[in-house]
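Please read the following walk through a protein chain with its sequence and 3D view at hand. The text moves from single places in the chain to the whole and back again.

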Amino acid sequence: MDFKAETVCKMQDYIRINTAEQITLSALASAVGYSPWYCYRLFLQYTGHSPSDYIRKLKLSSSALKLRDERIKVTDAAFDAGYFTPESYTRAFYKEFGLNPKEYALNPVMIPLFHPFNVEFKEKEQKTMKTTVNIFITVTEKPARKVIIKRGIRATNYFDYCGEVGCDIWGKLLSIKSVSPEPVSMWLPKKLIKPDTSEYVQGTEVEADYKGEIPEGFDIIDLPAAKYLMFQGEPFEDENYCEAIDALWEAEKKYDPKILGYIWDDKNPRIQLEPRGERGYIEFLPVQSV
């Protein structure tokens, strides 16, 4: 990674660690040892956002999740997000999400939460993993559930999907209250693929009896209870995430589930979690008993 990208990564880390504080451009510059003007220009170049805009979006998104999950007062959400009055917070929330925070607290609909990626991802081609990666395999079960999904056009992988749907879809999915810790990416089985839509989709798992709103442009599918083999790689440096995925895919190709008394199940989706270095890359492959 070149020093410019590394500097921006350090600024992102500083913001993440100090999100609850009032972060000034001067403080951000001091944290990385460059001038405020230079830091501003680098941050904008690599993230597409000014530092203040980036911090504002993070704080508003964090406050939205608190309104949804913790049922806090709008006044408390405003102060937690660094606003001096509920009125200024309400104006900022409306400008960001298209509805006021009180409305959202009473009826949490899909909104475009801010979910930035580390700049390190842009430097992924410059490093390679130099050690053998261990893959851990665990049998797990998922209950019957529905999944609110956004279909693409022809995508069979994340990068094509982003080109068709847009990379901001993940932030919207995060705003839907899920039965799982996070949204998922899926390769759908043939029976769940609609004509002229993609095999690869992203979505949020919800209760099997979900009766809530389906956002415009989204679809909902039913998935039965099923067994999965969870493949999990070792933790990795974020810039090496492509190599971590390739290593796990190679392990999947070579693995025979009959060792555990299963065969692959082509009637349920293969599931991908967000590649995060601290936990290793994770996929769920559906299986059924022999």
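D196 is found in the loop between β3 and β4, and in this predicted model the residue has a positive phi of about 60 degrees although it is not a glycine. With a relative accessible area of 72%, D196 counts as exposed, because the cut-off for that word is over 50%. The loop between β3 (184–187) and β4 (200–206) also holds K190, which is exposed with a relative accessible area of 77%. Although K190 and N268 are 78 residues apart along the chain, their C-alpha atoms are separated by 9.3 Å.

A positive phi is also found at R71, where the angle is near 55 degrees in a residue other than glycine. R71 is placed in the loop between α4 and α5 (74–80), and at 55% relative accessibility R71 counts as exposed.

Seen as a whole, the protein chain contains 10 helices and 9 strands, and its C-alpha trace spans about 60 × 50 × 30 Å along the principal axes. For 290 residues, a compact globule would have a radius of gyration near 19 Å, and the 21 Å found for the protein chain agrees with that expectation. Among the contacts with a separation of 6 or more, 73% are between residues 24 or more positions apart.

Side chains of opposite charge can pair when their charged atoms come close. A search of the whole structure finds 19 salt bridges, and one of them joins the side chains of D53 and R56, at 2.3 Å from N to O. Because D53 and R56 are 3 residues apart in helix α4, about one helical turn separates them; R56 counts as partly exposed at 27% relative accessibility. D53 and R56 also belong, together with K57 and E96, to a network of salt bridges.

Another salt bridge joins R68 with D69, with the closest N and O atoms 2.7 Å apart. In this pair R68 is buried, with a relative accessible area of 11%, whereas D69 is partly exposed, with a relative accessible area of 37%.

The salt bridge between E205 and R145, whose closest N and O atoms are 2.8 Å apart, links distant parts of the chain, since E205 is in strand β4 and R145 is in strand β2 (residues 145–151), 60 residues apart. Both E205 and R145 are buried.

What kind of patch do I137, V139, I259 and L260 form on the surface? Together they make a nonpolar patch with about 340 Å² of accessible area. One of its members, I137, has its place in strand β1 (residues 135–142), and with a relative accessible area of 33% I137 is partly exposed.

Key
Residues are numbered from 1 along each chain as its sequence is written. This is a predicted model: local features need pLDDT of at least 70, side-chain atom pairs count only at pLDDT 80 or more; totals for chains, interfaces and linings use all residues. Side-chain values use heavy atoms; hydrogens and water are left out. Patches are made of residues with over 30% relative accessible area and no salt bridge: like charges are joined within 9 Å, nonpolar side chains (Val, Leu, Ile, Met, Phe, Trp, Tyr) within 5 Å. Accessible areas come from the Shrake-Rupley method with a 1.4 Å probe; for residues, only the protein chains shown count as cover. A salt bridge is a side-chain nitrogen of Lys or Arg within 4 Å of a carboxyl oxygen of Asp or Glu. Helices (H or I, at least four residues) and strands (E, at least two) are DSSP runs, numbered from the N terminus. Buried means under 20% relative accessible area, exposed over 50%, partly exposed in between (1.4 Å probe, protein chains only). The radius of gyration is taken over C-alpha atoms; the globule rule is 2.2 Å times the number of residues to the power 0.38. Contact means heavy atoms within 4.5 Å.
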